[in-house]
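Open the model in your viewer and keep the selection panel at hand. The stops below go one by one.

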Amino acid sequence: MPLRLFARKRPIAIAAYHGFRNERHVELTTRILRRPPEPKAAPSKAAKFLYLLRLYASHEVSGVRVRLRYGDLVAETVSDDEGFARFTLQLSAPRAMPLHTAWEHAMLDLPDLADAEPVEAAILAPGTDHRIAVISDIDDTVIETGAHRFTRNWRRLILQMPEDRKAVDGASDFYSRLGGVQPERSARRAFFYVSSSPWNLSGFLTRFMHLQGLPAGPMLLRDWSLNLRTLGGKSHGAHKRASITRILGFYPDLRFILIGDDTQGDAEAYADAVTNFPGRVEAVLIRTTSPSALTSGKRAAIGRIRDSGVAVWVGSAFDAGQKMLAKLHMDRDGDAAHVVAANADD
């Protein structure tokens with residue numbers, strides 16, 4: 001409650017998350033919040049804890065009219081009880097996809113709040129020159145969290161800023177070699193991130209990825225509430241299944257590499273994607289966080305993927321220099337060479 005009372009004094013702002021489009025539709029999620037204070041330079045542990053606490057204890061603003069401008073398209077919606085304003089728009093006429101993957105831009109503003117500053121939102125448009133895109137998990141796939149061992153890693157989770165956090169060994173190099181870059185530069189391959197992290201951490205994760213040189217991409221994060229439906233372990237896998245289904249359905253002409261780890265149901269969700277979308281998954285990569293984490297259920301899911309003929313890699317770190325790319329047989333400049341024969345563990 002004290003945080004909420006203090007938040008009312010802060011200005012209202014638009015949190016614009018990365019969107020994406022195909023030939024006929026645009027999807028973009030935004031959130032209307034009381035703007036949290038910016039972290040100070042060289043913050044103390046107490047200041048870091050307070051800043052991260054404010055990320056989780058965000059003050060959402062409902063009932064605010066939000067306007068989007070994308071080319072000649074103008075649309076409006078109203079923020080819901082959690083502050084979200086979601087746009088799923090049909091273009092007035094089909095818009096061809098670019099030859100090379102590109103970041104386009106939309107403008108967002110709050111027409112009824114003169115003091116609220118307009119913001120620009122990035123819209124990912126996958127190119128037609130690369131027919132393989134990437135869907136990646138985040139926690140313990142690209143950023144070390146140790147969330148599955150909270151008692152040993154609680155300081156990392158509640159006291160470390162993006163500048164303090166560590167990327168998974170080899171992830172930055174490997175993802176760059178797959179062809180993804182940040183929005184301010186031209187991209188070579190479309191990246192999407194599906195994670196059970198809450199939307200409150202979107203800005204934190206975006207900054208971490210920028211600092212680590214990881215590819216930018218739309219994030220499909222989770223709405224967290226204090227109830228068993230969203231906090232239970234089963235909800236992790238359900239969220240990932242629904243998000244992967246959403247992306248594959250939105251881009252029926254793309255094939256995907258799925259990258260995850262052995263926590264939070266990645267292997268099982270990816271196995272279901274292989275079954276439900278035959279011919280659409282090019283390879284599955286599973287990073288092992290510990291020997292005990294690869295349970296019999298996860299091994300069975302990996303077996304299902306292999307039995308379907310989809311290439312699988314399982315290992316403890318991404319070896320982007322030689323071994324991984326050799327297993328994937330991925331052409332760095334295109335998709336002429338398919339992903340093949342990656343059915344061996346690290």
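**Stop 1: a buried aspartate**

Select Asp266, found in helix H8. Helices (H or I, at least four residues) and strands (E, at least two) are DSSP runs, numbered from the N terminus. This is a predicted model: local features need pLDDT of at least 70, side-chain atom pairs count only at pLDDT 80 or more, and totals for chains, interfaces and linings use all residues. Residues are numbered from 1 along each chain as its sequence is written, and side-chain values use heavy atoms, with hydrogens and water left out.

Asp266 is buried, at a relative accessible area of 0%. Buried means under 20% relative accessible area, exposed over 50%, partly exposed in between (1.4 Å probe, protein chains only). Show its surroundings: Asp266 touches Asp137, Thr141, Lys240, Gly260 and Asp261, leaving aside residues up to four places away in sequence. Contact here means heavy atoms within 4.5 Å. A polar atom of the Asp266 side chain lies 2.9 Å from the backbone nitrogen of Asp261.

Now widen to residues 266-276, the whole of H8. Eight of its eleven residues are buried, among them Tyr270, Asp272 and Val274.

**Stop 2**

Select residues 191-198, strand S10, which pairs with S11 in the parallel sense over three bridges. Two strands pair if DSSP finds at least two bridges between them. Val194 has Leu220 in S11 as its bridge partner.

**Stop 3: salt bridges**

The whole structure has 16 salt bridges. Each is a side-chain nitrogen of Lys or Arg within 4 Å of a carboxyl oxygen of Asp or Glu.

- Glu27 and Arg246: closest N and O atoms 2.4 Å apart. The pair links strand S3 to helix H7, 219 residues apart.
- Glu282 and Arg255: 2.7 Å between the closest N and O atoms. Strands S13 and S12 hold them, 27 residues apart.
- Arg21, Arg95 and Glu104: linked in a network.

**Stop 4: confidence**

Colour by pLDDT, the predictor's confidence in each residue, from 0 to 100. The chain mean is 80, and 71% of residues reach 70 or more. Over residues 336-344 the pLDDT is below 50. Where pLDDT is low, the predicted coordinates should not be read in detail.

Note on methods. A polar contact is a pair of N or O atoms within 3.5 Å; within protein, one must be able to donate a hydrogen and the other to accept it, and residues adjacent in sequence count only if both atoms are side-chain atoms.
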